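Below is a short note on the model you sent. Please read the points with the coordinates open.

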Amino acid sequence: MGTSIFFNPECSNCRTAQAILAERGVEADYIRYLEDAPTRADLEAVLAKLGTDDPRQIVRTKEAVYAALDLDSASRDELLDAMAANPILIQRPIVIHGDRAVVARPPERLLELFDHTDG
């Protein structure tokens, strides 16, 4: 069962999540989503693994581009398109383990993914 993480090396929560995974001996694929932006289909897959259909669960509302694009009243489709075009809008870190995912804020939330698995 693979583990991957939407990762920004400048983010302290991402670095803490990376350390937690390393302490557990979990090898992960670190997706530098700001450099290699996920597609809309990728975002849809992440939402499914998070157990939600609502992109607002993974959007960063305090980013300047959120206000610049006037996304407060945006539709689901508009949000997904905005996140694909502006990956800075995607919450981080998102840790994916098999068919489940969590927004690891705080980073310790990622442990939820390993509580019921072989780790």
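Which residue of S4 stands opposite Ile94? Ile94 faces Val103 there.

1. Basis. This is a predicted model, in which local features need pLDDT of at least 70 and side-chain atom pairs count only at pLDDT 80 or more, while totals for chains, interfaces and linings use all residues. Residues are numbered from 1 along each chain as its sequence is written, and side-chain values use heavy atoms, with hydrogens and water left out.

2. Sheet. The 4 strands form an open sheet in the order S2-S1-S3-S4, with mixed pairing. Strands S2 (29-31) and S4 (100-103) are at the edges and have a single partner strand each, so one side of each lacks a neighbour in the sheet. On average, neighbouring strands are turned by 15° against each other, direction ignored. Strands (E, at least two residues) and helices (H or I, at least four) are DSSP runs numbered from the N terminus; two strands pair if DSSP finds at least two bridges between them. Axes are lines fitted to C-alpha atoms, for helices over the stretch in contact, and angles run from 0 to 180 degrees between N-to-C directions.

3. Strand S3. S3 covers residues 94-97 and runs antiparallel to S4, with 4 bridges joining the two. S1 and S3 are also antiparallel and joined by 4 bridges. Ile96 is the bridge partner of Ser4, and Ile96 also has Ala101 in S4 as a bridge partner. The hairpin of S3 and S4 has 2 residues between the strands, and Gly98 takes a positive phi near 65° in this hairpin.

4. Faces of S3. In a regular strand the side chains alternate between the two faces of the sheet. Ile94 and Ile96 lie on one side of S3, Val95 and His97 on the other, and all are buried (under 20% relative accessible area; exposed is over 50%, partly exposed in between; 1.4 Å probe, protein chains only).

5. Cysteines. There are 0 disulfides in the structure, a disulfide being a pair of cysteine sulfur atoms within 2.5 Å. Cys11 counts as buried at 6% relative accessibility, and Cys14 is buried at 0%.
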